[in-house]
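Open the model in your viewer and keep the selection tool at hand.

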Amino acid sequence: MYTIKTLNAISPAGLSKLPANQFEVNNDSGAPDGILVRSADMHDTPMPDSLLAIARAGAGTNNIPVDTCTAEGIVVFNTPGANANAVAELVVGALVAGSRNMVDAVNWAQTLKGRDTIAKDVEKGKKQFVGPELRGKTLGVVGLGAIGARVANAAVALGMEVLGYDPYISIDAAWSLSRSVQHCVTLSDMLPRCDYLTIHVPYLPTTRHTINAQTLAMCKEGVRVLNFARGELVDNAALLNALNSGKVAQYFCDFPSEELLGVKGVACTPHLGASTPESETNCAVMAAAELSDYLINGNIAHSVNLPDVSQPRIHGKRICIIHKNEPGAISAITGILTKARLNIENMVNKGKKDVAYTMLDVTGDVTDTLADELRGIDAAIRVRIL
């Protein structure tokens, strides 16, 4: 029986994915096997020796001490794509709202309350909020993952010309993309053509300030920029300068900050991207399924610190080893299994930076001392026999 601890309210639909005959949810446990978490900060949370995995019901994992978990052999999962539809719908809404100046228009209309001449003032004042239609305009999408592809496809359906830039696009994402989306090899190929620009890439040291003074200088005059991915992807100082010069007509983002608030032409929503009941359910279901499959079968999918490794179970025992990604580790593992006269039926090994994961299905007499022998390998971090 595996013990699971939740650090936030997790959707019952997610918890239902944990088989009752193999899992118990005990939030008072001091020795959980797994943790389900949403936004709780875990940087000061004790990591007991029993802890095997943490599943984050969401995409970002900056609330989890990932490096510490890696060093201790704790797999950290996230749920990429589970909130993709929620974010994509919000982006489409922002495309319309930004193009038609809806935020300013709504705020202005509120000032008419109490007047006797509302109808007359509306007809007179609406001219200041005139904005272009989306049909026939060009949208540039930076990043064509689960969210970016949905936004691109929706924009095609709205009659927009859509340009896409993603040097790391996956096969799955490419298959899901409308054939009408035009592929750009570089940002310089795309930016001068865009009336609207939206960014959907993960935040990494290499993607920080992807939208900056240089990239904005390549854009059309009056481009409208949207950022519903991460605030750090846009250099706010450069964006505000471009807004003041007229290069940028409007900036719509989901990440309010001191320098952006109260600025004409900037509309900030309070990180609403994944704030739908459907998204929270999808994330919880996916996180629970990842946690369950790892604890029961040793399979890893959507881990941020370990490679994805998965294979069907066959008869016999399954040996799962998290180890340093260094020469000699595999030969040390197979040497011990050979000495124990175990036959390796299936074996898969993958590395991710400095760490690797080896999963073996074996037949033969697996003794109680085998795990201890494997733990004695210098490169070994965590050993499990299932």
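Is Lys247 buried or exposed? Select Lys247: its relative accessible area is 14%, so Lys247 is buried. Buried means under 20% relative accessible area, exposed over 50%, and partly exposed in between, with a 1.4 Å probe and protein chains only.

Before moving on, note the ground rules. This is a predicted model, in which local features need pLDDT of at least 70, side-chain atom pairs count only at pLDDT 80 or more, and totals for chains, interfaces and linings use all residues. Residues are numbered from 1 along each chain as its sequence is written, and side-chain values use heavy atoms, with hydrogens and water left out.

**Stop 1: around Lys247**

Stay on Lys247. It sits in the loop between helix 10 (236-245) and strand 11. Helices (H or I, at least four residues) and strands (E, at least two) are DSSP runs, numbered from the N terminus. Now show the side chain of Lys247: it reaches the backbone oxygen of Cys219 at 2.6 Å. Contact here means heavy atoms within 4.5 Å.

**Stop 2: the whole protein**

Zoom out. The C-alpha atoms fill a box of roughly 90 × 45 × 35 Å, taken along the principal axes. Colour by secondary structure to see 13 helices and 16 strands. Of the 386 residues, 47% are buried. Among contacts between residues at least 6 apart in sequence, 62% join residues at least 24 apart.

**Stop 3: the nonpolar cores**

In soluble globular proteins, nonpolar side chains tend to be buried together. A nonpolar core is a set of buried Ala, Val, Leu, Ile, Met, Phe, Trp, Tyr and Cys residues joined through side-chain atoms within 4.5 Å. Select Leu36, Val75, Tyr294, Leu295 and Tyr357: these have the most contacts inside the largest nonpolar core, which has 32 residues. Then show the elements that each supply at least two residues of this core: strand 1 (2-6), strand 4 (53-56), strand 5 (75-77), helix 11 (277-297), strand 13 (317-324) and strand 15 (355-363). Helix 11 gives the most, with nine residues.

Centre on Tyr294. Leaving out residues up to four places away in sequence, Tyr294 touches Leu52, Ala53, Val75, Phe77, Asn299, Ile300, Ile322, Tyr357 and Arg384. A second, separate core has 28 residues, including Ile199, Val201, Val234 and Leu239.

**Stop 4: two threonines**

Pick Thr79, in the loop between strand 5 and helix 3 (84-99). Its relative accessibility is 0%, so Thr79 counts as buried. The side chain of Thr79 reaches the backbone nitrogen of Gly58 at 2.8 Å. Beyond four places in sequence, Thr79 is in contact with Arg56, Ala57, Gly58, Ala59, Cys283, Met286, Ala287 and Glu290.

Next, pick Thr276, in the loop between strand 12 (266-268) and helix 11. Thr276 counts as partly exposed because its relative accessibility is 23%. Draw a C-alpha to C-alpha distance from Thr276 to Val87: they are 9.3 Å apart in space and 189 residues apart in sequence.

**Stop 5: cavities and a pocket**

On a 1 Å grid over the protein atoms alone, a cavity is a set of points where a 1.4 Å probe fits but cannot get out, and a pocket is an open set with protein on both sides within 12 Å along at least five of seven lines; lining residues have an atom within 4 Å of a point. Grid points are joined across faces, edges and corners, and a volume is the space filled by probe spheres set on the points.

How many cavities of 30 Å³ or more does a search of the whole structure find? There are two.

- Largest cavity: its volume is about 50 Å³. Select Ala94, Leu95, Gly98, Ser99, Tyr196, Arg224, Val225, Leu226, Gln250 and Phe252 to see the lining. Helix 3 gives the most to this lining, with four residues.
- Second largest cavity: about 30 Å³ of space. Its lining is Ile321, His323, Ile333, Leu374, Ile377, Ala379, Ala380 and Val383. Strand 13 and strand 16 (380-385) are the elements that give two or more residues to it.

Finish at the second largest pocket, with a volume of about 150 Å³. Select its lining: Asn101, Asp104, Gln128, Phe129, Val130, Ala249, Gln250, Lys264 and Gly265.

Note on methods. Polar contact = N/O pair within 3.5 Å; in protein donor to acceptor, adjacent residues only side chain to side chain.
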